[in-house]
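Here is a short briefing on one protein model.

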Amino acid sequence: MNIVELEQVQKRYQGVDALAGLDLQLKQGEVLGLFGHNGAGKTTTIKLILGLIQASRGQVRVFGEDPCQSAARQKRRQLGFLQENVSFYEQLTGLEVLRYFARLKGVKVSECPRLLQQVGLDSAAGRRVKTYSKGMRQRLGLAQALLGEPKLLLLDEPTVGLDPIATQDFYHRIAQLKEQGCTVVLCSHVLPGVEKYIDRALILGKGHLLAEGSIPELRAQAELPVTLNLQGEGLSLPEPLQARATAQGSGVQLQVHQRDKMAVMQQLMGLEGLTDLELHLPSLEDLYTHFIAGQAKGSDALEATL
Ligand code: ATP
């Protein structure tokens, strides 16, 4: 059974098409990165999965049930959710906040100190939230989302405000949860560093699915060139490669098609004067820009023909 299933889901707010026919299937233990510009429909997708809003058309199934039906409410305990711009009761301590959410969720309060320790808040557990920094509030939000060992975790901008080490710790925790069979949907505008922790990326633009797949699949779909940076004085490239080369400092930059990568590298290995070679595959950021720009070009072209 799929943990999450969206079938031709549309969501229309007064006059705004927030989602226009989205299909999505998520299996147990999958980590999905949900990306898109401001207003693309990411939060709407998360709210539909949580059962906080109803689809205008199409079907949403979470753990095999419509999340808006009262029968599915019991299953909400298996969900963890971190919303964007999380805020808490300022006068309570971190531990009191977490205990409050544990009681709401029907989870043992004895779990709270361990969770606070996991997110690095153990020494601040007894301090009021009003004294917390932005990153500490975010960590408390993560602890709240992890209450009750959720089977499905929905995280909207989870790394905002986290320092680099806390961001890495967060992604390691996601990898552990995945190992334990937890399914994760994570929305983020901070793309660098995410790609090695997600199984699939889904890119939304103006409520439409622009691209979906693993990073290698998206690279194949986008057909963006691979960049090779060659270092060495007076490099003389074989004739067919010269047209694809530009001077770069003391070296040369080459852009080649993904399918030619190995053949070109073999050619370069024997090149006289070559002291170093760096290979850059298109990053998640490059792929995101490619698909979003493609939609913008498509709508410009459509407008021009109307
Ligand atoms: P961001 O990255 O800025 O958080 P998002 O991808 O999460 O954006 P959504 O919040 O899903 O975007 O919004 C999608 C569209 O739906 C936007 O055009 C937004 O203005 C609209 N929208 C969202 N909620 C409502 C609402 N309650 N009433 C009217 N329009 C709404």
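**Positive phi values**

Asparagine 85 sits in the loop between β5 and α2. Helices (H or I, at least four residues) and strands (E, at least two) are DSSP runs, numbered from the N terminus. The model is predicted: local features need pLDDT of at least 70, side-chain atom pairs count only at pLDDT 80 or more, and totals for chains, interfaces and linings use all residues. Residues are numbered from 1 along each chain as its sequence is written, and side-chain values use heavy atoms, with hydrogens and water left out.

- Asparagine 85 has a phi near 50°, a positive value in a residue other than glycine.
- At 66% relative accessibility, asparagine 85 is exposed. Buried means under 20% relative accessible area, exposed over 50%, and partly exposed in between (1.4 Å probe, protein chains only).
- Phenylalanine 63 also has a positive phi, near 50°. This residue is in the loop between β4 (57-62) and β5.
- Phenylalanine 63 is buried, with a relative accessible area of 7%.

**Helix α6**

- Helix α6 spans residues 215-222, and Ile215, Leu218, Arg219 and Ala222 are buried there.
- These residues lie on the same side of α6, because they cover an arc of only 105° around the axis. The arc is that of the directions from the helix axis to the C-beta atoms.
- Exposed Pro216 and Ala220 are on the face of α6 turned away from its buried side.

**Cysteines**

- The structure holds 0 disulfides, a disulfide being a pair of cysteine sulfur atoms within 2.5 Å.
- For cysteine 68, the closest cysteine sulfur is that of cysteine 187, at 18 Å, too far for a bond.
- For cysteine 187, the nearest cysteine sulfur belongs to cysteine 182, 15 Å away.
- Cysteine 187 is buried, at 0% relative accessibility.

**Largest pocket**

- The largest pocket has a volume of about 530 Å³. A volume is the space filled by probe spheres set on grid points, which are joined across faces, edges and corners.
- On a 1 Å grid over the protein atoms alone, a pocket is an open set of points with protein on both sides within 12 Å along at least five of seven lines; lining residues have an atom within 4 Å of a point.
- The lining has 20 residues, with Leu79, Phe81, Phe101, Lys105 and Gln144 nearest the pocket centre.
- β5 (79-82), α2 (94-105) and α4 (134-145) each give two or more residues to this lining. β5 gives the most, with 4 residues.

Terms used. 1 Å grid on protein atoms, 1.4 Å probe; cavity = no way out; pocket = protein on both sides within 12 Å on 5 of 7 lines; lining within 4 Å.
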